[in-house]
Amino acid sequence: MYKGADIISALQFTRSDIERLINYAEEIRCIYERGNRLNVAKGKVMFTAFFEPSTRTRLSFQFAMIKLGGAIIDLGPEEVTSMAKGESPEDTLRTVDSYEPDIIVVRHKEPGFAAKAAQICKTPVINAGDGYNEHPTQALLDVYTMWRFFGHIDGLVVGLMGDLKYSRTISSLSYTLSNFRDISIYFISPRELKPREEVLKTLDQRRIHYEFYEKPEDILERLDVLYVTRLQKERMSLEEYERLKGSYMITYDYLKKFKKIPIILHPLPRVWELTPDVDILPQALYFEQAKNGLYIRMALIRTILGV
Ligand code: NCD
């Protein structure tokens, strides 16, 4: 599965792919947490090209590759590349592809850019986020985190909250969850930030139960998972941002009012929508979630490299 493949969309994932990656990530996690190492990617090179800012995704891919014994080359910031002279990202990728890396990880603000990169490059391309469109590897670490906590994905009641329109993690996570049985998705957002039509259409086709809410308190006690996202400021007008800023927020005092608190996930970075005082709750799993990204990406890299 996935040997030499491009990973562009979470629509590619089947239930058995996801389960195999989770099991593989668990195996790798156990090896590393016992203090042992794998050296399976020796001599292999990953190229990371982030044309949009990133902390966790870029660094966890790089850590994952190095920990597997491989090497990484990073494009670096725009100002040190020929993009500063006006070169297109397409030409940059075409050139690097000719140097024959073993994997290319790419992030760009344009929806559909990763698919375009995969057309240009012979090397397998992983989509690390293409505008508002998708972020398939984030969805893998999200479901891996749920699986580690609950021991299963089937039957989970998941609240997706925040900027559901422009957050690429929402589309990819919805597609990924739709492979499982008896999933309920509760979309919690201001009316203007409901998920995009194409996401809802896919859920309809896959017969997934979903509902819309504007206030988390109307549904919170029924949730197993509350997945919070930030307002995607860079994908909307300043006027829209100012209007919607602060329109939803999860705090410690807010959560404490409920008899049952679901586990709280967030792809990070958080801004004002999830306050740091929540961190002390045992349900706050977002930093563990970020750490799980390392293992699931190691599993994915091994699978693509076939090592
Ligand atoms: C997310 C992204 O880039 O889409 N971050 C991440 O990869 N962990 C979420 C976000 O930026 O809001």
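Me: Does Tyr210 count as buried or exposed, and at what relative accessibility?
Reply: The model is a predicted one. Buried means under 20% relative accessible area. Tyr210 falls under that cut-off, so the residue counts as buried, at 19%.

Me: What kind of aromatic pair do Tyr210 and Phe212 form?
Reply: The structure holds 10 aromatic pairs. In the pair of Tyr210 and Phe212, the ring centres are 5.7 Å apart and the planes are at 75°. An angle over 60 degrees puts a pair in the edge-to-face class, and the pair of Tyr210 and Phe212 is edge-to-face.

Me: Which residue forms one aromatic cluster with Tyr210 and Phe212?
Reply: Tyr210 and Phe212 are paired with each other. They also belong to one aromatic cluster, and its other member is Phe187.

Me: Which residue lies over the face of Phe212, and at what distance from the ring centre?
Reply: A charge sits over a ring only if it is within 6 Å of the ring centre and within 35 degrees of the ring normal. The residue over the face of Phe212 is Lys194, at 4.3 Å.

Me: How much area do domain 1 and domain 2 bury between them?
Reply: The domain assignment gives domain 1 as 10–135 + 293–305 and domain 2 as 136–289. In contact are 33 residues of domain 1 and 32 residues of domain 2. Carbon and sulfur atoms account for 59% of the buried area, which is about 2700 Å².

Me: How many salt bridges does the rule find across the interface of domain 1 and domain 2?
Reply: Across this interface the rule also finds 16 residue pairs in polar contact. The number of salt bridges is four.

Technical notes
Residues numbered from 1 in each chain as written. Predicted model: local features only at pLDDT ≥ 70, side-chain atom pairs only at ≥ 80, totals over all residues. Heavy atoms only, no water. Phe/Tyr/Trp six-rings, centres within 6.5 Å; stacked < 30°, edge-to-face > 60°. Buried < 20%, exposed > 50% of the residue type's maximum accessible area, 1.4 Å probe, protein only. Domains from an automatic or database assignment. Contact = heavy atoms within 4.5 Å. Buried area = accessible area lost by both parts, 1.4 Å probe. Salt bridge = Lys/Arg side-chain N within 4 Å of Asp/Glu carboxyl O. Polar contact = N/O pair within 3.5 Å; in protein donor to acceptor, adjacent residues only side chain to side chain.
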